[in-house]
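My notebook is open and the viewer is loaded. Here is what I looked up, entry by entry.

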Number of protein chains: 2
Amino acid sequence: MNANYLHRAWFRLVCLILGLGFQAARGQPPGADSASVRVVSPEISADHRVTFRLLAPKASEVLVSGEFLAASRALTKDANGLWSVTVGPIEPEIYYYNFTIDGVRALDPGNPEVKTGSTAGTIQSVLEVRGDGPAFYDGQPVPHGEIRTRWYQSQSLGTLRRLTVYVPPGYDRDPAARLPVLYLFHGANADETAWTRLGRVNLILDNLLAAGKARPFIVVMPFGYGAPPNTPGAQGQNTALFSRDLLEDVIPFVDSQYRTLADRDHRAIIGLSMGGGESLSIGLNHLDLFSMVGGFSAGLSRTGDFARTFPHLVTDPQAANRQLHLLWIGCGREDALFPTATRFSAFLTQNGVKHTFRQSGGAHTWMVWRRYLDEVAPLLFQW
Amino acid sequence: MNANYLHRAWFRLVCLILGLGFQAARGQPPGADSASVRVVSPEISADHRVTFRLLAPKASEVLVSGEFLAASRALTKDANGLWSVTVGPIEPEIYYYNFTIDGVRALDPGNPEVKTGSTAGTIQSVLEVRGDGPAFYDGQPVPHGEIRTRWYQSQSLGTLRRLTVYVPPGYDRDPAARLPVLYLFHGANADETAWTRLGRVNLILDNLLAAGKARPFIVVMPFGYGAPPNTPGAQGQNTALFSRDLLEDVIPFVDSQYRTLADRDHRAIIGLSMGGGESLSIGLNHLDLFSMVGGFSAGLSRTGDFARTFPHLVTDPQAANRQLHLLWIGCGREDALFPTATRFSAFLTQNGVKHTFRQSGGAHTWMVWRRYLDEVAPLLFQW
């Protein structure tokens, strides 16, 4: 069972018990009695149908949009101004959605679960549809690692920044043991908390470790943007600046603060979307530092010249093949970046660079990236 | 400078640079051009006036409510359906606010900073007004501790739960050093992340430590609800169940997993609001385990019989005085719980129990609690 889910579920009950439940007083229309404003949304039925509700007597149109819908669905209004719609059944997964109320994008005010990011447009409500058993990303009664939030002073960028670090279960028990490190990057509009909050990397790895399917390693998740404001000439330099921070600040800091195996054989670099562009361009151009490289739905240039971005793969592909323990790219067929991933795989093939190209179902969403992580983590540090 | 703030500020610039900025396409009214939908809200001027904006052509009333306003303020609509209002100047602090659009409570869709909680009613947008220099709660270039997210199996509650743990700078450097522990509880509608996300306990302590004003200690922040759903007879048992989890699971787990000084002299217990009711009732009834007890705007019963909740303080107040290194209660004069805090202080005084009653300005808000923490932390473990 997932603890976060439990927390929320309990909390709702406790609120009822303690009489501390949310009273939508400010949002209450004149004359509505308080019982009628306790709107339950989303409500998930046993057969995985989901009902969304919103009390908005003055609204003339309410839509719901979400990853579980091909197109927005309109809610319908009852005599009390309560809008609702039932959709599904929806396959068990974690989805993001929002309402649009008379043209204004809004959260579901009945739902405390919120996906945040580093831009306003990424804020959405969370719908978690649970299956009969635990999912691979659920918290289960197995040994758990620790998520550490760590501040560091970036000398290359001149600012204080934050890392998220996962250490596997038992990390503190053996002060002599050293571990490999996966550097793992988020996508655009997100931040250094995305892979733990949305990607559930810690729970996925805890579960794989408990099943004996992966080797223990540390995961380091930096903030994936490099260009501070007012940096002269920063235009287009995001990856270059991020790369400097990673190579000059983050990696030395991590190797000094955590018990790492600080060599290329024990360093992997993977990212998703914008972070996939970063992991491929930094990783494949620094095979002295990394031996495993991955890109999930990678944000490579759709029209760019790969031979210019990755010159060593053209001039000496056999050196790359000798140095790479793993080169793994994956993309969902419904993802707008799928043609780019296909073109990149073809470039690698043309140059004789060994790699895995995982073509999966799915779009540009976290459910794809969680599954990729679950698939790739067992391959890391296993050569 | 505060790194989180920097992250966001950078991010907004980088978005502009990269052309990845949020385009409120779904919220776009027919005919609006995309330049006009890039709504800047909130906009903070140099003199700390704040302008809120919302594009909602079909709305007939938009209000903003927040901790910086005595009452809701109406926004006014221009010919393009852009609502706005300017308020202030507002004193530098971190505030929470929301819009009400035709009676529906909503976040500010222009603002990525969101305060979440464990109930829907706690979701608000965040307004951070910055002063000329760094605040006591800002990230600064000083040594930083680590925030650790730790899962544990609660035997007493039969579920997987999560702790937030702060370890001070250098905790990993000396594997022989042992530290005192503060158990710190959140209020109703919040969760185990509230004291770090909203309370900024880590940054406040990092700053105090750098200034030589506090002794290093570990802070343990559990999830403050004890009653899981469908627990027969759980009604009214929240504190009792939370207490069992704390005493039978959390404290032994922490003492086994972290390098603590595991005795009453080195254990403090403090909470805010509902958590203040918990810290006072558990702490003052377990002086064998704790020697420092605090309650911030404590959620004690407004009408309850303190002599029944705290019998030992009546029967043997001198024993309590000998055992307590610190008993600190604080409440803002604008807080609805102020009369309760006053009554509790009078109860302590009548029984001759030494304590500090800090009567401050302010209401039932995080800005009061952050200041209390900054004031109390230097007093801990210093006898």
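Predicted model: local features only at pLDDT ≥ 70, side-chain atom pairs only at ≥ 80, totals over all residues.

**Chain A, overall.** I began with contacts in chain A (two residues are in contact if their C-beta atoms, placed from the backbone, lie within 7 Å). Of those with a separation of 6 or more, 70% are between residues 24 or more positions apart. Residues are numbered from 1 along each chain as its sequence is written, and chains are lettered from A and ligands numbered from 1 in the order in which they are written.

I then looked up the secondary structure of chain A and found ten helices and 18 strands. These are DSSP runs numbered from the N terminus: helices are H or I with at least four residues, strands are E with at least two. Chain A has 383 residues, and 50% of them are buried. Buried means that 20 or more other C-beta atoms lie within 10 Å of the residue's own, exposed means 12 or fewer, and partly exposed is in between, with C-beta atoms placed from the backbone.

**Cores.** Next I searched for nonpolar cores, sets of buried Ala, Val, Leu, Ile, Met, Phe, Trp, Tyr and Cys residues joined through C-beta atoms within 7 Å. The largest has 127 residues, and A:Leu184, A:Val219 and A:Val220 have the most contacts inside it. Apart from that core lies another, of 77 residues, with B:Ala188 and B:Val376 among them. Going back to A:Leu184, I saw that its partners include A:Trp195, A:Val201 and A:Ile270, leaving out residues up to four places away in sequence.

Nine residues of domain 1 and seven residues of domain 2 of chain A form the contact.

**Helices 4 and 5 of chain B.** How do the axes of helix 4 and helix 5 of chain B cross, and at what angle? Helix 4 (residues 238-257) and helix 5 (residues 274-284) have axes that come within 11 Å and cross at roughly 65°. Axes here are lines fitted to C-alpha atoms, for helices over the stretch in contact, and angles run from 0 to 180 degrees between N-to-C directions. On the helix 4 side of chain B, the contact includes B:Phe242 and B:Leu246; on the helix 5 side, B:Glu278 and B:Ile282 are among the residues.

Is helix 5 of chain B mostly covered or uncovered? I found it mostly covered, with eleven of its eleven residues buried. The buried residues of helix 5 pack against helix 4, strand 13 (181-185) and strand 15 (267-272) of chain B, among others.

Most residues other than glycine have a negative phi, and most peptide bonds are trans. I therefore listed the exceptions, starting from that general rule.

- The bond from A:Gly88 to A:Pro89 is cis, with omega near 10°, and A:Pro89 is in the loop between strand 6 (82-87) and strand 7 (93-101) of chain A.
- The bond from B:Ser41 to B:Pro42 is also cis, with omega near -5°.
- B:His48, not a glycine, has a positive phi of about 70°, and B:His48 is partly exposed, with 14 C-beta neighbours inside 10 Å.
- B:Ser273 has a positive phi near 55°, and B:Ser273 is buried, with 23 other C-beta atoms within 10 Å.
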